[in-house]
Amino acid sequence: MRSVGHDPRKKVRAPSGDDGAQARPVVEPAAAREVSAAEVARPEVVAVDLKRVRVFGLKYACPAETNHAFYEVVGHILSGRHDLAEARLASYFRNWCPATAAAVLGLPDDHALADFPPMAAVLPWHAAEPGDALLAAEATLSREGAPLKFGVSDGCPLFGPTSRRHVRVLVAEVAKIIALWRKSEFVYPPELLSGIIIQDDRLGRGRARRGWVLELHTGVAHVAVLEAMGVPQATAHVVPSAEVLRSEVGDWAHVQDGLLTEAEALQIFDRFVEGDL
């Protein structure tokens with residue numbers, strides 16, 4: 001196994017149970033006034049073409065063109081075929097079963113991340129250590145799954161293996177979202193989607209350029225529903241100060257801590273932007 005500058009396993013503990021998006025203008029602070037931490041972290045609402053949305057772990061890019069499983073699931077539900085939706089989702093989970101966090105990222109079997117389960121996978125610019133990412137993912141599954149009577153043992157909603165019960169629950173949740181969107185009185189809240197801008201600044205900087213995507217953090221099922229219903233664009237909350245630039249690879253958290261080399265980090269970045277991660 002390749003040696004890294006630290007041992008990321010130290011924090012692992014046993015599981016506990018061109019389209020030019022339009023953005024609001026950014027008001028520059030007065031030079032004499034110090035900018036507060038709250039202002040730095042304040043989100044802005046950005047209009048995002050849905051083909052720019054990426055979801056880490058799902059290999060999710062423009063599902064209407066790639067026939068992504070989640071897009072097809074929505075189509076089957078819209079046609080009233082929940083049985084076909086469940087079959088398609090089950091097939092997806094059978095075929096996308098990375099064994100380790102390294103496999104999720106397309107890294108070799110002798111990489112340090114090969115010692116971690118898939119839910120510990122982290123992108124190079126994420127601040128969380130793999131062990132912390134694993135614990136957070138398990139906690140989220142336990143919290144969100146409790147009302148639906150499933151948990152960590154039923155699998156992750158990003159990749160397999162997963163239980164048949166989990167598949168049924170996921171399809172039922174997507175069906176609820178579709179029903180919500182079909183109600184004419186439903187008002188789309190801008191904060192429904194949130195994430196950070198990932199910018200390939202080799203093509204120039206700014207959201208009028210082609211080389212950016214949105215790393216989606218919330219609203220995954222809603223995006224699939226919107227695409228399947230023919231909605232080309234939605235609004236999302238982003239934090240401008242959290243924007244990730246390709247040219248700043250040397251400053252990314254897991255390059256700085258030695259978990260990834262710059263070459264590995266850039267490979268991951270490029271695959272993510274292309275929707276292959």
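Mentor: In this predicted model, cysteine 97 has a relative accessibility of 36%, so it is classed as partly exposed. Cysteine 156, by contrast, is buried, its relative accessible area being 9%. A disulfide is a covalent bond joining the sulfur atoms of two cysteines; across the whole structure, the search returns zero disulfides.

I turn now to the helix pair. Two packed helices are described by the angle between their axes and by the distance between those axes. For helix H7, residues 164-182, and helix H8, residues 220-228, the axes come within 10 Å and cross at roughly 55°. Because angles of 65 to 115 degrees count as roughly perpendicular and those under 35 degrees as roughly parallel, H7 is therefore oblique to H8. The handedness of the H7 and H8 crossing is right-handed.

On the H7 side, the contact is formed by Val174, Ile177, Ile178 and Trp181, which meet Ala221, His222, Val225 and Leu226 of H8.

Apart from neighbours within four places in sequence, isoleucine 177 is in contact with Ala221, His222 and Val225. Although 44 residues separate isoleucine 177 from alanine 221 in sequence, their C-alpha atoms are 7.7 Å apart in space.

Definitions and conventions:
Residues numbered from 1 in each chain as written. Predicted model: local features only at pLDDT ≥ 70, side-chain atom pairs only at ≥ 80, totals over all residues. Heavy atoms only, no water. Disulfide = S-S within 2.5 Å. Buried < 20%, exposed > 50% of the residue type's maximum accessible area, 1.4 Å probe, protein only. Axes fitted to C-alpha atoms, helices over the stretch in contact; angles between N-to-C directions. Helix = DSSP H or I, 4+ residues; strand = E, 2+ residues; numbered from the N terminus. Parallel < 35°, antiparallel > 145°, perpendicular 65-115°, else oblique. Left-handed = near helix turned anticlockwise from the far one by under 90°. Contact = heavy atoms within 4.5 Å.
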